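Visitor: I have a model open and a few things to ask about it. Can we go through it piece by piece?
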Amino acid sequence: MPLPQGVRLSEAVSPPESAPLSEGVRVRVLRAAHGDARAAADLAAVLTDRQRAGLDPLPAQPPALPPGCRQEVRAQPDSTRFLLLLAAADQYPVATHAFLRAVTAARLDTRPLDAADVAGLAHATAGGVVFRDHRTRVAAYDTASATDRRAAHLLLARVLRGEGESPRRSWHRGAAALGPSRRLAAELRAAAHTARGAGEHALACALVERAAALAPDRQERNGLLGRAAADAWRSGDGDRARRLVVATHDEALSGLLALRAGDATAAFDALLAAAVRYASAGAAAREGRTASEEPAPTGGRAAVGDPARPWHAAAYGGSAGLRNPAASGASAGPGGLHPAGAAGARAAATHLLARATEAAVYTGDLRRCREAAAVADRFGMVPPGTLGGLAAAFEGRYDDARDALKAAAGRCGPGGDPTLLIHSAIAALLLGDHTGAVTAAVRAAAAARAGGEAATVPQVMEFRAYADFWTGRPRAAEAATLEALHQAYATGQDNGACHLQAALAMFAALTGDEDVCRERAEAARSHALERGLGLPAALALFALAFLDLGAGRFAASAARLRALAGFGPGHGHRAVRHLATPLYVEAAVRTGDTRVARSAHSDYDRWARTVRSPDELALSARCHALLATGPEAVEHYRAALDLHACGTRDFERARTELLLGGALRRLRRRTEARDRLHSALEAFEYFGSPQWAARARGELRVLGEPAAAGRGQEDLAGRLTAQQLTIARMAAEGATNREIAARLALSPRTIDHHLRGVFARLGIRSRIELVRLLGEG
């Protein structure tokens with residue numbers, strides 16, 4: 001359905017007279033409206049201020065359909081309306097693909113669909129019926145009588161007899177129910193279990209929600225809604241999960257949702273409290289105590305789920321969990337728990353502790369790391385390696401930290417739990433093992449996709465981005481991070497999106513996109529400070545400091561890094577401060593402030609010698625060189641390059657070569673200096689980092705050596721940064737500045753700046769020339 005003349009999609013979703021939508025809400029509104037701009041504008045118009053800011057989930061029900069939409073459907077003949085009803089019931093909210101079989105089984109005449117085609121409502125294809133838009137499909141269903149709707153669902157259920165179709169058959173049977181039914185509720189729970197095992201979490205959520213509506217027992221309904229919330233979350237429907245969890249009062253899932261979209265400090269408290277509840281329940285079961293003698297699991301009773309696993313196993317990936325004997329029909333063991341409940345409670349507690357660890361990592365709060373580690377000790381649980389490693393590292397126990405992190409990094413075999421694989425990637429990053437971090441991240445993403453866990457995939461990229469940054473792959477990494485940013489917004493993970501914005505600021509700093517770096521960093525810091533997210537807040541400041549260093553603004557870079565070292569939980573992060581130490585030493589030496597730089601390097605050097613990472617040792621050797629003078633500095637630079645040869649930080653190797661070239665020039669070793677500087681220049685051009693390439697060219701000019709234009713002039717991709725190339729392609733496809741800004745989560749002003757930069761670099765003056773040039777490329 002077209003928009004009014006002159007109205008853009010982004011303007012329709014967030015009209016000028018209303019408060020602007022946050023970027024995450026904008027993406028989710030368009031998703032909820034199935035891409036229909038008019039429906040998105042209608043939905044945006046009824047949002048509360050808290051919903052517009054992303055603090056509350058979007059409404060469960062869309063705004064009322066326009067009267068004209070209903071009237072168009074009602075104007076059709078009865079036979080046409082029933083065919084439209086049957087097609088609508090077959091497509092939404094569960095796609096069952098049984099329309100043609102149903103028509104054949106009931107011997108229905110499909111010629112009445114011609115009337116719908118003439119009216120522009122829908123048209124028939126070889127695969128079924130295609131509606132004009134989502135609202136028309138809703139109107140086709142809503143305007144039908146209850147009797148006709150029930151008949152349509154029963155007809156569809158009757159023909160869904162193929163292999164793997166039993167969950168969808170159960171869905172239609174449940175949708176046709178006339179009232180509460182224990183039998184149908186049980187059938188729907190079993191069907192959800194089957195769908196969940198196949199990774200179809202959206203279908204499982206719909207089935208369990210319907211089971212809750214048919215369950216006569218109120219407590220059972222609450223448990224089912226908790227399970228549905230977990231399935232909704234795993235499927236990537238964050239708004240639905242947040243709406244459902246309100247009805248369950250479930251501390252564990254509330255904590256998980258807060259971790260990804262709310263206050264990280266509150267998330268930690270909720271997740272750790274839930275971990276303690278489950279660990280206590282498991283201990284009580286093992287010792288034969290009654291449930292009243294220990295705190296009950298979350299909500300006072302195990303959530304009702306499928307016969308095999310509770311919702312916590314679905315939400316956290318645990319292999320087993322608490323069972324509700326009343327729901328499964330099994331006999332209760334000691335303390336009212338099934339005999340398998342003790343092991344299940346422990347598994348759930350361990351996974352909740354892993355999530356609490358993530359919250360501690362995001363906040364950067366050492367006290368909370370210690371608190372979580374104490375809970376693990378109290379209940380004899382083996383904590384995630386990142387937890388023990390971070391707690392030990394923050395306390396200066398580097399040997400203990402190394403051992404804990406190596407144990408965690410080693411748990412990254414193929415398959416497995418995506419959450420634990422993410423922890424393996426984090427541990428590998430902390431150890432300076434970027435190859436291991438990428439391996440664990442790739443496997444985590446593969447496991448998440450295989451299990452249908454859409455919400456986990458963008459989280460993987462949050463941590464993979466670090467490895468991609470340090471190893472000098474900004475172009476491909478930036479494109480992947482942009483995609484992950486959109487996925488994070490679409491799945492309701494605004495905190496994850498904040499972390500990704502900070503990562504994009506890093507890439508922009510590396511490629512010299514100053515305006516984008518500042519805009520991304522500001523967006524990340526604003527959200528991070530509001531939600532207590534110390535990690536992205538620190539990362540954004542690091543990006544700005546790196547940008548200043550590349551531009552030769554050494555005093556500004558050193559000031560930012562000193563501020564980073566002084567910020568506490570929610571504003572800074574010890575891990576980011578650590579990785580920024582080599583930058584600080586470089587900036588501080590350039591400004592003549594070596595006293596604090598020597599102190600900072602001393603601690604960094606102790607960590608590098610403990611973990612024995614070639615990359616960390618290389619950077620430490622470079623710091624030694626910066627703090628030395630003359631021939632001694634050159635020897636340290638040579639030692640650093642030898643270590644770089646065994647590592648993976650190719651971009652940092654190029655920066656070391658640049659520094660060595662400058663040191664050799666000052667010692668009048670012109671030939672070797674020239675070779676090192678040309679090597680650094682070639683690397684910077686390959687990485688697409690014009691600021692650092694300009695620094696290398698400047699050194700060569702001082703030597704009286706003309707610097708070649710470089711291979712970046714030979715191909716289109718080499719002449720543009722990754723961000724510029726993305727924007728250029730969108731513009732060439734006909735997107736306006738506003739539309740590009742909405743898709744990339746940038747301002748139209750920044751897009752305009754980038755396009756002017758593209759035109760200048762390519763030597764063109766119009767979009768027409770851009771289309772031709774990209775077509776030739």
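Visitor: Which helix is Thr-511 in?
Guide: Thr-511 lies in helix H28, residues 494–511. Helices here are DSSP runs (H or I, at least four residues), numbered from the N terminus. Before going on: this is a predicted model, where local features need pLDDT of at least 70 and side-chain atom pairs count only at pLDDT 80 or more, while totals for chains, interfaces and linings use all residues. Residues are numbered from 1 along each chain as its sequence is written, and side-chain values use heavy atoms, with hydrogens and water left out.

Visitor: Buried or exposed, that Thr-511?
Guide: Thr-511 is buried, with a relative accessible area of 3%. Buried means under 20% relative accessible area, exposed over 50%, and partly exposed in between (1.4 Å probe, protein chains only).

Visitor: What is Thr-511 in contact with, leaving aside neighbours within four places in sequence?
Guide: Pro-474, Gly-688, Ser-689, Pro-690 and Thr-721, once those neighbours are set aside. Contact means heavy atoms within 4.5 Å. Pro-474 is 37 residues from Thr-511 along the chain, and their C-alpha atoms are 7.4 Å apart.

Visitor: Trp-171, then. Which residues of H13 does its helix, H11, meet?
Guide: Leu-203, Ala-206, Leu-207, Arg-210 and Leu-214 in H13; on the H11 side, Trp-171 is one of the residues involved.

Visitor: New topic. Where is the cis peptide bond?
Guide: Between Tyr-92 and Pro-93, with omega about 5 degrees. Pro-93 sits in the loop between helix H6 (78–91) and helix H7 (99–105).

Visitor: Which non-glycine residues have a positive phi?
Guide: Arg-107 is one of them, at about 55 degrees, and Arg-668 has a phi of about 65 degrees. Arg-107 is in the loop between H7 and helix H8 (113–118); Arg-668 is in the loop between helix H37 (650–666) and helix H38 (670–687).

Visitor: Buried or exposed, those two?
Guide: Arg-107 is exposed, at 78% relative accessible area. Arg-668 is exposed too, at 74%.

Conventions. Helices (H or I, at least four residues) and strands (E, at least two) are DSSP runs, numbered from the N terminus.
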